[in-house]
Each structure stands twice: as C-alpha cells, then as structure tokens.
Amino acid sequence: MEHFFEALNKLDHTFCSKVMKLLKGKTEKSGAFRQKHEGYRIHCANCVLEFDFAAMDWVSRPFAPEDYSRNRTEIPYLEGAQAPRFLTDLIQPAMNE
C-alpha cells in the first residue's frame, strides 16, 4: 500500500497532461469535422434529428458511429412535445417583422 501512495504523489499536472495527450492520440479521429455532411442535423441527448428534404420534416434516428458533433445538446428530444411560449413569444413576433 505504501507504493501506491508514493505513485499517487507523483501524479502532477505534467504527468496527467502527458497521459491525456496519449489517450487523445489513440481515440481521436483526424479530420472528423472537415468532412462535408449533407443536410441539417441536431444532436440531442437521446437521438439525432435529421431534416428529411423529401418529406420536408424532421426525423429522429439513433446515433451512428459516423455522427460527430461539437455542439451536442443535453436536452432530450420528446416527440410530440409542445412549446407554446416559444411560438407565441419568439416565433410569432419574429414573423411579424
């Protein structure tokens, strides 16, 4: 147990930074955000919403390995949810301008 605490004392910022760089190099996909994605997507907490141009509507689907997002929301998508204040307080006044 004494060796454990000696090793624990050696965990400084420099060591942790080097470990993080090593792990990042092993897990990061190079150029993931350079590839062009067709269409529009919103990454929700529980699915991906994708705009279907044929149906002119948003469609939810499960996450896929090729989904990358820098701006995933932590808000889950709830099908059929209503947002009356959003419509009356934000969208309607913006449409009247």
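Trainee: Which arginine meets glutamate 50 in a salt bridge of 3.0 Å, N to O?
Mentor: This is a predicted model. A salt bridge needs a side-chain nitrogen of Lys or Arg within 4 Å of a carboxyl oxygen of Asp or Glu. At 3.0 Å, N to O, the side chain that meets glutamate 50 belongs to arginine 61.

Trainee: How many residues apart are glutamate 50 and arginine 61?
Mentor: The pair links distant parts of the chain. Glutamate 50 sits in strand S2 (residues 48-52) and arginine 61 in strand S3 (residues 57-61). Their separation is eleven residues.

Trainee: Is arginine 61 buried or partly exposed?
Mentor: Buried means under 20% relative accessible area. Arginine 61 has 22%, so it counts as partly exposed.

Trainee: Which residues do salt bridges that share partners join into one network?
Mentor: Glutamate 50 also meets arginine 41, at 2.8 Å, N to O. Glutamate 50 is partly exposed at 22% relative accessibility, and arginine 41 is partly exposed at 30%. Shared partners make one network of Arg41, Glu50 and Arg61.

Trainee: About how many helical turns separate aspartate 89 and arginine 85?
Mentor: The side chains of aspartate 89 and arginine 85 meet in a salt bridge of 3.1 Å, N to O. Both residues lie in helix H3 (residues 84-96). They are four residues apart, so the separation is about one helical turn.

Trainee: Is arginine 85 buried or exposed?
Mentor: The cut-off for exposed is over 50% relative accessible area. Aspartate 89, at 44%, counts as partly exposed. Arginine 85 has 65%, so it counts as exposed.

Trainee: What angle lies between the planes of phenylalanine 51 and tryptophan 58?
Mentor: These two rings form an edge-to-face aromatic pair. Their centres are 5.2 Å apart. The angle between the planes is 70°.

Trainee: Which residues form one aromatic cluster?
Mentor: The structure holds three aromatic pairs. Phenylalanine 51 is buried at 17% relative accessible area, whereas phenylalanine 53 is partly exposed at 47%. Tryptophan 58 is partly exposed at 37%. The cluster is formed by Tyr40, Phe51, Phe53 and Trp58.

Trainee: What is the area of the nonpolar surface patch made by Leu11, Phe15, Val19, Met20 and Leu23?
Mentor: Phenylalanine 15, one of its residues, lies in helix H2 (residues 13-27). Phenylalanine 15 counts as partly exposed at 41% relative accessibility. The patch has an area of about 460 Å².

Notes
Residues are numbered from 1 along each chain as its sequence is written. This is a predicted model: local features need pLDDT of at least 70, side-chain atom pairs count only at pLDDT 80 or more; totals for chains, interfaces and linings use all residues. Side-chain values use heavy atoms; hydrogens and water are left out. Rings of Phe, Tyr and Trp (its six-membered ring) pair if their centres lie within 6.5 Å; planes under 30 degrees apart count as stacked, over 60 as edge-to-face and the rest as tilted. Buried means under 20% relative accessible area, exposed over 50%, partly exposed in between (1.4 Å probe, protein chains only). Patches are made of residues with over 30% relative accessible area and no salt bridge: like charges are joined within 9 Å, nonpolar side chains (Val, Leu, Ile, Met, Phe, Trp, Tyr) within 5 Å. Accessible areas come from the Shrake-Rupley method with a 1.4 Å probe; for residues, only the protein chains shown count as cover. Helices (H or I, at least four residues) and strands (E, at least two) are DSSP runs, numbered from the N terminus.
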